[in-house]
Every structure is written in structure tokens, then in C-alpha cells.
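Here are my notes on this one, jotted down as numbered points. Have the viewer open while you read.

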Amino acid sequence: MTQPPAEAATTWEPSPRELERREIRRRLRLRSTVIATVAVVVAFVGVGVLVVTSPGWPRVHEAFFNGHHARASLPGIWSAFWLNVKMFLVAEPLILVLGLAIAVARGARSPWLVPVRLVAVVYTDLVRGIPTILLVLLFGFGMPSLQLQGVPNSPIFWATTALVVSYSAYVAEVFRSGIESIHPSQVASAEALGLGRGQTMRYVVVPQAVRRVVPPLLNDFVSLQKDTALASTIGVFEAVFVARDYGNYNFNYTPYVVVAIFFVVLTIPLARFTDWLGRRYSERERAGAR
Amino acid sequence: MTETAGGPLLEVTDLRKSYGERVVLADVDLVVNPHDVVCLIGSSGSGKSTLLRCLNLLEDVDDGVIRFEGREISDPRVDRRAVRSRMGMVFQAYNLFPHLTVLENCTLAPRRVHGASRAEAEERARQLLDQFGLADQAGKHPDRLSGGQQQRAALVRALCTSPTLLLLDEITAALDPELVGEVLTIVRDLAEQGTTMVLATHEMSFARDVATSVCFLHEGRILEHGPPEQLLTDPREARTRQFLRRVLPPA
């Protein structure tokens, strides 16, 4: 109330009818809150009771939710999990760049770039068709056998490479659908200003496309974070490997649950971050629009 | 409730709407009787569109009462869908669904909201499309039509559910001048057939011809209202005169 409002704003008092309406709205809100609470409690307690009263529960509790084994396996998993984190921290930026490059290449119109387009098409078609686990196996065992000079031969390197190759194919398709969703009138108005095709993409189309595809990108990245576990298939001692190792040695599966919690905890901040990013974009660009 | 017999179709009292600190509508009173054509005029930002959106319950009002067909529809417990199924609304930017053909646009609400059979809905839609000169366009998608055709299709879409009240929000504002006529002709026909309408418009000569009453909005208030021949030629308020001088071609 710092600005001097119009004279009506100072003299206006809600009418009795409006106050009554607010009371009704308040009651309706209260009712939805009560319904929501009851629904949540019934659903979750119901499922909980169902699980806990099932005949095999004591054994499951012992095998999967054992406090002792959880504590015992924690340090090993914790240090191994860093390897998963490092793998996707390296892979994610590479995937973004490569995916976007492939997507843009598919839309290139210059005749000189036809080979690039062909590669881009074949790349997405071929790579997306291969299960990620096979890519990891092929890269992990095949590449070192080539005895290439100047490239590391560690399984971590090749596992990460396989993930980058696999996910950039998915991400490229996500970017492409984003680029294609931008209305042609945007391209027309950019070209009318004299921008070239590349500039149009760079300054007009891609920035808008990226905003639209943030949620599906997040989806792929969460998936990537989990798929770092595939590195265990070629002998990388990451968190899932450690958990399996511990489990096999101690005949207890609790470490799997511990690893699962690690992965969940990791993805939640990413989800909140994307939500925040999306909200910020829409607040800035739709401010004042009705 | 059916106390509409004799009473006004729509009655607005002391309507108030604000977005945060900004008051967009204040002390708005409006009575619309069956077969009335009420034109809302005023510069952009005067609250015409907001008023229409409040009437269709697209916006929650901050105070005041809206009664439609004798029932208060500004009550939070009211079934908005039921109210809207009795009103038709046409927007400035047509807002046709681009993924449906014109015919599908027109039959969506009759079939999904009013429970009409496909055959019934299509028959009525085709009849109206034919009447509005769109018979050939029924199978096309909206983006293939001209602006005028799109807006006529949007009108048909609104009419297909036989609403008792039609709300038109500056429906010619996005059209080329030569296309404005074809849309206004239809609205004029509707007015002659006795359709009750509330419309925001910038077309003063049109308002003069079809309106039963004209309301001049200024800064969210109805500053003046009256029959068009009086309000448009001999307004009481200085603000109205000022506005009319700007929009009316010098006679």
C-alpha cells in the first residue's frame, strides 16, 4: 500500500455477501484439505499395513531392511557412489552439447552439410536401437581391444563414453522435437530481420526450444544417473557393484535398498532445480499477461 | 430455478475485480434482459474484456453479485461447467482448436458436454455452418481458413450449444478491415433473431445499429450507459465525449 491507490481502493470494504463468499471458499478449501489428508493417510497406511502383514514380511524385513547391514555397507557404497556421480557429471554436459549438435545438424539445409545430416540420422536411428547395456558391453570390451593410442583403456572411460553415445541420441531427438515445435512464424520473422539460417537457430529457435524441452531432458538425465549403474557390467567398482558384492558376501540385500536411496536422493534436487528454472522463465516472460 | 420468466437474464451488481493492488473493475452494475444486445465500449484497458471474463466465470470476482437466469453464479459452490454450458463466448483471437476440423470444433461441446449424438451434433453444426457461409469449410482445419472465416467458425462453435447468452470479446479486432463486415453481418443477423448478447467492441457504427444499450467503461467503471442514439451522439460525461471524438470519424 505504498502507492496512493485509486479513491475506490481506499473506501472499498468487502460487502457482507463477499465476506460470506470468502467464508464459503474457506470451508470448501478446508474440505478439500481434509479429503486430501484422509485419502493420503488411507492410501499409504493401507499399503503399509498390506506389506507389513504379508506372510513373508519378517524375512523381507530381515533381508532388505536390516539396520546392521545398512550401517555396515554404507561407507563402501558412499565412496563408490562418488564414481557414479563423477560419471554422470562428466557425461551430462557432453550429452547436451552432442545431442544439440546432432539435432541442429538434422535440420541443416545447406547441401554441403548433407553428409552431416546423414550421419545424424543414422546415428540416432542406430544408437537408439541398441540397448544401453549392450553399448556399455561393446564399448567396454571392444574398444580397449582396438589398442588405440592416446586413449585411456580404463572401463570407467569406456562406460562413460557408451553412456554419452547412447544418451546423446535420445537427447538429440528431444531437442529436435523442441526445435520443430517452434512456430514457423518465428523463423520467418527472424529471417525477415536478415538473420541467416544459423543465426536464426542460434538466437531465436534454439533458445525457445530448449525451454520447452527442459522437462523431458530432465527425464533423460534421471535415467542417465541410474544407468551409470550399468558400468558395473564391465567391472567398474561403482555403487551397485559394491552393493552386490556386499550382498553376495553377507547374504543380505539391504545394500541394494541403500543404493536405491542414494539414487533417489540424487535425483530430487535436479527435479526441484528444473521446476525452479521453468517457473523463472514463465514468470519473466509472461509477466502481466492475462 | 426458473424465475427467469419476466426477470432479467443477467444481473450484475457492484462487481469488483482486482489483480493484487490494481483494481480493474469497480462498482459495475449491469442488467441484461432477454433479447438485449449490450455493447461495451471504452479504450483498451478499461476493463471490457475482464468484465466478459468475469461473466463467464473465467475470473473470480472480488466482490459483487452476478445473477444468471435468476441464480447467483458468483457463489463459489456453483457448478461452473453448468453455467458455461448455457453461455457462449467468442474471443478476439478466435481460439479455435487447431488439431480439430471446423466441424469437429463445432461438435466437441455438443457431444462431450451436452451429450448430443454425433449425428445430431453434426446436423446442427452443418446447418449453422451453412447459414454462415462456411458449408465448404467444414472438413478443413482452422489454420487453412481466412481470419474472417475462422471468426465465423468460432461464432458457430459458440452457437452450436444453443446458449441463452452470447459473450463476444472484440471479435473483429484481429480482422482485416474488409473481413470485419462479414463477421458483423452475422452478429447483426443474430441480434435480429433475438439472441441475447453482451459484446465488447470498437465498431461504433455497428454498436449504433444493433445495440439496445451501450455502456462506456473508463478505468474499470461503467461511467455512462444508455440507448446508443443518446450515448453515442449526446453523451453526458466529458470522458465519453473525449473517447468518442477519438474513435468516431469526424462527421
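1. A definition to start with: a pocket here is an open set of grid points with protein on both sides within 12 Å along at least five of seven lines, and its lining residues have an atom within 4 Å of a point. Keep in mind that this is a predicted model.

2. Let's begin with the second largest pocket, which has a volume of about 580 Å³. It is lined by 21 residues, and the closest to its centre are Arg84(B), Met87(B), Met89(B), Ala109(B) and Arg157(B). Sorted by class, the lining comes out at 10 nonpolar, seven polar and four charged residues.

3. Which elements give two or more residues to that lining? In chain B they are helix 2 (80-84), strand 6 (87-90), helix 3 (102-112) and helix 5 (147-159). The top contributor is helix 3 of chain B, with four residues.

4. Strand 6 and strand 7 of chain B pair in the parallel sense, over four bridges.

5. Is strand 7 of chain B mostly covered or mostly open? Mostly covered: five of its five residues, 165-169, are buried. Leu165(B), Leu167(B) and Asp169(B) point one way, while Leu166(B) and Leu168(B) point the other way, and all are buried. Asp169(B) is worth a look on your side, as it is among the buried residues of this strand.

6. On to strand 8 (residues 197-200) of chain B, which runs parallel to strand 7 of chain B and is joined to it by four bridges. Within this pairing, Leu168(B) stands opposite Leu199(B). To get from strand 7 to strand 8 of chain B, the chain passes through helix 6 (residues 177-192), and this β-α-β crossover is right-handed.

7. There is also an open sheet of four strands in chain B, with the order 2-1-4-5 and antiparallel pairing. Strand 2 (22-32) and strand 5 (71-72) of chain B sit at the edges with a single partner strand each, so one side of each has no neighbour in the sheet.

Terms used: Residues numbered from 1 in each chain as written. Chains lettered and ligands numbered in written order. Predicted model: local features only at pLDDT ≥ 70, side-chain atom pairs only at ≥ 80, totals over all residues. Heavy atoms only, no water. 1 Å grid on protein atoms, 1.4 Å probe; cavity = no way out; pocket = protein on both sides within 12 Å on 5 of 7 lines; lining within 4 Å. Points joined across faces, edges and corners; volume = space filled by probe spheres on them. Nonpolar A, V, L, I, M, F, W, Y, C, P; charged D, E, K, R; others polar. Buried < 20%, exposed > 50% of the residue type's maximum accessible area, 1.4 Å probe, protein only. Pairing = 2+ DSSP bridges. Right-handed = clockwise from strand over helix to strand, strands pointing away.
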